[in-house]
Amino acid sequence: MSKRVGIEVSIAIAEAVGLARAEVIPAYPITPQTHIVEHLSEMVANAELDAEFVPVESEHAAMSCCCGSSAAGARTFTSSSAQGLSLMSEVLYIASTMRLPMVMVVANRAMSAPISIWNDHQDIMIQRDTGWIQTFAENGQEAVDLTLHAFRVSEDRNVSLPIMVNIDGFTLSHVIEPIELPDQEDVDRFLPPFKPRYKLDPRRPITMGPVGIPEVYTEAKVAHDMAMKKAKRYILKAWNEFEEIFGRKYNPIESYRTEDAEVLLVTMGSISETAMTAVDTMRDAGQKVGLLRIRLWRPFPGQEFRRAVGKTKILAVIDRCLPPGALCGPVGAELRSLFYKIPGSPKIFSFVAGLGGRDVTVERFEEIVDKARAFAKKRPRELYEVIGVREK
Amino acid sequence: MIPEFEKFKGFKAKNLPKEEPLSPGHRGCQGCGEVLALRMVMKALGKDVIVCNATGCMEIITSPYPHTAWRVPWIHIAFENAASVASGVESARKVLARKGKIPKKHVDILAVGGDGATGDIGLQFISGAFERGHDFLYVCLDNEAYMNTGVQRSGCTPYGAMTTTSPPGKKSFGQVTWKKNVPAIAVAHNIPYVATASPAYFLDLMNKVKKAALVKGPAYVHIYSPCPTGWGSAGERSIEISRLAVETKVFPLYEVIEGRYIISRKITKPKPVTEYFKGQRRFRHLDEEHIEYIQRKVDAEYEKLLRLAEMS
Amino acid sequence: MANSDAIVGWKTITFGCHILEPGNAANFRTGDWRSQRPVVDKEKCIKCGMCWVFCPDMAYNQDEEGYFVVDLEYCKGCGICAHECPKDAITMVPEEG
């Protein structure tokens, strides 16, 4: 019987990794991911989880160790944030293009400098192109469910791509929420043992990681891109299977009160919950506002997003990072590309909010909606606006 | 006392394994001393091995898609992290064997990298893997520079040697620092077995590699690997130079077993370093003063080694 | 090192770019690189095998009589074998053409 408990989200994620029967956990601590790896280490020490906990000496070593472990055929998990995630950058690309299944929970945190341990999405956005499947959790239950889902999808032989599950650092990682921890039997049903297509084994020697000469590199990249695109089908299929076993349904794009919306907010991660409250507040005041939440960021579910927008004519997109010199944030740019020159497309306005742990309140969302309406009448000068920044 | 060594009889010239885990057709330069050393390493280990290779000459020449010279399982991830990849493979196989998912039969895990990959950019990674005590062996194939990228200096480039980033000129005489002692760094991690080897002494090399594999826990073998292309030496002399390096005490052969130094080949009638420098364009520019300094330092380092062996 | 074996399409390229055929580099004739080749004088040869031991290209094989014969498919003509032979039984001769 699954049990519903009040539990810190990091601990719940570690429990999920335990339920998933992870086998090798290379881990390096970084705020705010530490509770995840600490609890995993306790679980292994107490024989609650039969795994090898590898206390590596850096995040780059952690990801390198993950590659070795996955290539050797073990179910592999790690976790990191910001500086640590950046440090493993080169290996992230390699893990993906070498089709090594593994799961990493990223506790999203702002990038230095100035050094900040608090939450925003800069760290994941700069790893956007690493070829990892990327999902975003809004609350503790999702964090647990998406972690289980991640193992299932990553190890699916039709996918064989590593997956990052994003949780907002502190805002999610360190809060206590009511979470239903699934039953081991149900998890075993959902998640069969890892059977890699290829692995390092003297009984069948193969070479992994050769030199990609120009005659072959383009084909290798296209093959990888196609694999990413094809993965969407299996991501959705696994969410359907998840619903059958656990009763909770997940979609790549989630809609909230969008039916007759004139303005749609677009968010990712835990601020979506505040956004939902803001939508309720604005609806009570008579505004026709709705919310779209992006749960699947890579591969980007363009079809599903367009469908979810429907006939709404104004999108207010919130990016939680500020790429210097860019025309607008990554989510804004993605959506503009999606709708470019398609007749009947909505007007898209980009906002940047919640950098380095700054709260995005209900009032801020109201401000964003007002601005979006104003911009729809008179084009803004800049392609994005930073919300809640003090000038003096 | 390492119990596994008791039963180990050692390779003899008469009974060398005929199997070649490394195939011909690799793209190594003519007379490459490093691939020859690697060949000897693989012969010592046989087929029950998983190789984790760092980026470098060996990786490049043996794996140009769609060809591979490897007849054993092999993985290349990046430049600095062969030791971490090996740690992952070792951890995975440990838990998979425990769960009965793979046979319990022992398979050696070999991490291999050049001097740059090991002692410079890879130093953190070997340190971590040694400290964690994984059951694997690390072989450093030392050709004394970043050869694959075009002969740039590394921490293991010998004093005075010419490389593209330690060129002799009006204000420089070549590499200004003494060769980094990576085996000593390995010893400092208290791992059970550390050794140095030269392909000219192939039985010694193969025995050391085999012992390193037999050890339960981390082991490190540092192998001198001549690079005719990078050193400006004749390809046919690669073994001769490997012999001279030992005979002139420039590259002493020794083992460190559980912290005890054992000299493999005591050089009682050493040849002068000038013999070693002959025919290596990378040393041609050295003047008398530098050569004298090098001779003094080589002698001093060898004395130090003798004292360490006496203390053990 | 361009070779026609590498002309594959994105649909047919191996999964993850893995190479599934162990040791298939043996399909590549490095012997074409040679400008000189070893010639063994069987009179002098004592079948010690040093030529085989010290070949970086695994280009020597032992025949039924115990002599070590060079495989010209792979021999790059580096000359280590000739240089190391304890009986000077190997001479490097230039390749014709």
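Let's start in chain B, where strand β4 (residues 137–142) and strand β8 (residues 219–224) run parallel and are joined by six bridges. B:Tyr138 has B:Tyr220 in β8(B) as its bridge partner. When I say helix or strand, I mean DSSP runs, H or I of at least four residues for helices and E of at least two for strands, numbered from the N terminus. Two strands pair if DSSP finds at least two bridges between them.

Quick housekeeping before I go on. This is a predicted model, where local features need pLDDT of at least 70, side-chain atom pairs count only at pLDDT 80 or more, and totals for chains, interfaces and linings use all residues. Residues are numbered from 1 along each chain as its sequence is written, while chains are lettered from A and ligands numbered from 1 in the order in which they are written.

Now, which sheet does that β4(B)–β8(B) pair sit in? An open one of nine strands, with mixed pairing, in the order β9(A)-β2(B)-β1(B)-β3(B)-β4(B)-β8(B)-β7(B)-β9(B)-β10(B). The edges are β9 of chain A and β10 (260–263) of chain B, each with a single partner strand, so one side of each has no neighbour in the sheet. A:Thr207 is the residue opposite B:Trp74 in β2(B).

That brings us to the interface. How many residues does each chain put into the contact? It's 40 from chain B and 39 from chain A, where contact means that C-beta atoms, placed from the backbone, lie within 7 Å. On the chain B side, β1 (49–53), β2 (74–76), α4 (82–98) and α6 (123–132) each supply at least two residues. The most comes from α4(B), with 13 residues. By class, that side of chain B has 21 nonpolar, eleven polar and eight charged residues. For the classes, Ala, Val, Leu, Ile, Met, Phe, Trp, Tyr, Cys and Pro are nonpolar, Asp, Glu, Lys and Arg are charged, and the others, Gly among them, are polar.

Chain A also touches chain C: 18 residues of chain A are in contact with 14 of chain C. The chain C side there divides into eleven nonpolar, three polar and no charged residues.

Okay, inside chain A. The contact between them takes 27 residues from domain 1 and 20 residues from domain 2.

On to helix packing in chain A. Helix α3 (residues 59–71) and helix α5 (residues 89–97) have axes that come within 9 Å and cross at roughly 15°. Axes here are lines fitted to C-alpha atoms, for helices over the stretch in contact, and angles run from 0 to 180 degrees between N-to-C directions. So α3(A) and α5(A) are roughly parallel, a label for angles under 35 degrees. Who meets whom? A:His60, A:Met63, A:Ser64, A:Cys66 and A:Cys67 in α3(A) meet A:Val91, A:Leu92, A:Ile94 and A:Ala95 in α5(A). That contact has seven nonpolar, two polar and no charged residues.

The other pair is helix α1 (residues 9–19) with helix α7 (residues 140–155) of chain A, whose axes come within 9 Å and cross at roughly 25°. That makes these two, α1(A) and α7(A), roughly parallel as well. Their contact has nine nonpolar, two polar and no charged residues.

Last stop: a six-stranded open sheet in chain A, ordered β10-β12-β11-β14-β15-β16, with mixed pairing. Its edge strands are β10 (253–256) and β16 (384–386), each pairing on one side only. Within it, β11 (residues 263–267) and β12 (residues 289–294) pair in the parallel sense over five bridges, and A:Leu265 has A:Leu291 in β12(A) as its bridge partner. Helix α10 (residues 271–284) of chain A packs on this sheet, touching β10, β11 and β12, and its direction makes about 165° with that of β12(A). That's it from me.

Conventions: Two residues are in contact if their C-beta atoms, placed from the backbone, lie within 7 Å. Angles under 35 degrees count as roughly parallel, over 145 as roughly antiparallel, 65 to 115 as roughly perpendicular and the rest as oblique.
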